[in-house]
Amino acid sequence: MALDRQTVARIARLARIKVPESELDGLAGELSGIMNWIEQLNQVDTSAVEPMTSVADLSLPRRKDEVTDGGIAARILANAPGGAVLIESGKPEAGGFFTVPKVVE
Amino acid sequence: MTKPTDLTITEMTAALGKGALSALELADAHLQGMEQQRALNAFIVETPEKAREMAKASDARRKSGGIGLLEGVPLAIKDLFCTEGVQTTAASHILEGFKPTYESTVTSKLWQQGAVMLGKTNLDEFAMGSSNMTSHFGAVENPWKRKGDNRKLVPGGSSGGSAAAVAARIAPGATGTDTGGSIRQPAAFCGLVGMKPTYGRCSRWGIVAFASSLDQAGPIARTVGDAALMLQAMSGYDAKDSTSAKLEVPDFVTACKRPIKGMKIGIPKEYRVEGTAEEILKVWDRGMDMLRDAGAEPVEISLPHTKYALPTYYIVAPAECSSNLARYDGVRFGLRVPGKDLIDMYENTRGAGFGKETRRRILIGTYVLSAGYYDAYYKKAQQVRALIARDFTEAFKRCDAILTPTAPSAAFAMGEKMDDPVTMYLNDVFTVPTSLAGLPAISVPVTLNSEGLPLGLHLIGRAFDEETVFAAGAALEKAAAFTARPAGF
């Protein structure tokens, strides 16, 4: 399956990765090469095969729905780029928030 | 007396126990090596102060009588394991400067058993690679060189810094992670032992995720016994990883002493793949002879879907990586590159933060999961994966372990195999099927090739039967008596 530059631009957008115009053709070539190589899977008859999602042959474990953690806002915000705001514990609004560019006009 | 940096982990614990040397002396000897071997670029972060502080605490613990399995043993940690207060980058620009406020389960277990951290080792970015060439922090040099050839060789990948550090005697052991061969292939390239346990044996909590249905932690060390000891400390159920196995951890060290008389060793005929060097096939035959001499019995087996393992992997792993790496958005941690709005900020951050191979895999993953392609690619790959796993289940009805080469060649030079991505992917042809099936496997160094480079063999076991893998691995190690080391190290 050959991917053209428009397709690469579309998936880059879906993946939220800025790809410079000048790199689209090169990437289209590389990704097409990989996808063509992957095409050989079509030689395998999988009509009666259940897809395997995990090697662990178990259902996911359950636990009681209760709070087991908390009060660590400072640790969660510690690595935030662009100025997170921590509100000290003790205050009713304790916790804090990350900051992002304005999303609502 | 043997130099402290030449001791195996098992010898170190004995010497520390007798009081022949202290944890602090041991840490200092290795820190000195780390400083002298900086040109290898094996470490992204060195933690000498932490190492000395942990070593002193270990010496104090020993005096009070409470000692762990790895008490006082210095170790290198792949920079994919989150370490509290110590920069953890996954060798990516997007995580540069990230200092976790928590410790991964596996490293916590190592520290609980008395191990001492030397530093964080280099790797392929997000563990995506087989050469360590994709690291944002530069390539790692393999301490081994071809005879009469001064070109720098790759240590393999993705756990390349871990393997280079252990081969260069900077650390007696290191943690690695393996998604498609990232422990076993670098171990083979550097003349070391590398063990990937069964999926679920080690907790993935606190390890930077690449492909969650495949990622497993494991040790890289110089002997099978050392790898067993390290894995003993690293393993065990963890409620914080929903795929962690609720099983008792067996005694891996004792398993290394098990006789292999009567053990059936499967030889998969499909592994004589095109493009494999003649010398690799010869070593494979020799390895079987060694195991036969130790009492094992060779059995020809068939793993018919072997040739489809790599293309399956290159759908499953990128698909999972594209989801896992969605978290790097410039909001909560890591790099942020401003933009005119929120989406622009995401795109700028991820465009600048990811290297070329990571970007390629995220794009492939996004493509195969996108509307209209999911069934044709992702579901198809999951179905073929089921067939690959079934091949192993069938084969293990006839044998107890499987012997194959670890990699199709010895270590290659930096810049080789870089022509196109698929050429690099072929490095993992022998290790990827095991990963897809989630089985335990070890690489053991067996001999040097005509150019003086180490070659390893690969033993695969049934799920949660690491003990048989260690027993066969130890027998192979004993017969091969591999004692070579890189010149000058």
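**Reading the two chains**

Reply: Chain A has a radius of gyration of 23 Å, whereas a compact globule of 105 residues would have one near 13 Å. That radius is taken over C-alpha atoms, and the globule rule is 2.2 Å times the number of residues to the power 0.38. This is a predicted model, in which local features need pLDDT of at least 70 and side-chain atom pairs count only at pLDDT 80 or more, while totals for chains, interfaces and linings use all residues. Residues are numbered from 1 along each chain as its sequence is written, and chains are lettered from A and ligands numbered from 1 in the order in which they are written.

Me: What share of the residues is buried in chain A, and what share in chain B?

Reply: A residue is buried if 20 or more other C-beta atoms lie within 10 Å of its own, exposed if 12 or fewer, and partly exposed in between, with C-beta atoms placed from the backbone. Buried residues form 17% of the 105 in chain A and 61% of the 489 in chain B.

Me: Which secondary structure elements does chain A have?

Reply: Helices (H or I, at least four residues) and strands (E, at least two) are DSSP runs, numbered from the N terminus. Chain A has three helices and two strands, in the order α-α-α-β-β from the N terminus on. Chain B has 16 helices and 11 strands.

Me: How is the packing of two helices described?

Reply: Two packed helices are described by the angle between their axes and by the distance between the axes. Axes are lines fitted to C-alpha atoms, for helices over the stretch in contact, and angles run from 0 to 180 degrees between N-to-C directions. In chain A, H1 (residues 5–14) and H2 (residues 21–38) pack at about 95 degrees, with axes 8 Å apart. H1(A) and H2(A) are therefore roughly perpendicular; angles under 35 degrees count as roughly parallel, over 145 as roughly antiparallel, 65 to 115 as roughly perpendicular and the rest as oblique. Arg5(A), Val8(A) and Ala9(A) of H1(A) make this contact with Leu24(A), Asp25(A), Leu27(A), Ala28(A) and Leu31(A) of H2(A). The contact residues comprise six nonpolar, no polar and two charged. Here Ala, Val, Leu, Ile, Met, Phe, Trp, Tyr, Cys and Pro count as nonpolar, Asp, Glu, Lys and Arg as charged, and the others, Gly among them, as polar.

Me: Is H10(B) largely enclosed or open, and why?

Reply: H10(B) is largely enclosed by the rest of the structure, because 14 of its 16 residues are buried. H10(B) packs against H12(B) at about 95 degrees, with the axes 7 Å apart, which makes the two roughly perpendicular.

Me: How many residues take part where chain B meets chain A?

Reply: The contact joins 56 residues of chain B to 39 residues of chain A. H13(B) gives the most to the side of chain B that touches chain A, with 10 residues. That side divides into 26 nonpolar, 18 polar and 12 charged residues.

Me: Which backbone values are found in most residues and peptide bonds?

Reply: Most residues other than glycine have a negative phi, and most peptide bonds are trans. Arg16(A) has a positive phi, near 55 degrees, and is found in the loop between H1 and H2 of chain A. A cis peptide bond, with omega about 10 degrees, joins Gly157(B) and Ser158(B).

Definitions and conventions: Two residues are in contact if their C-beta atoms, placed from the backbone, lie within 7 Å.
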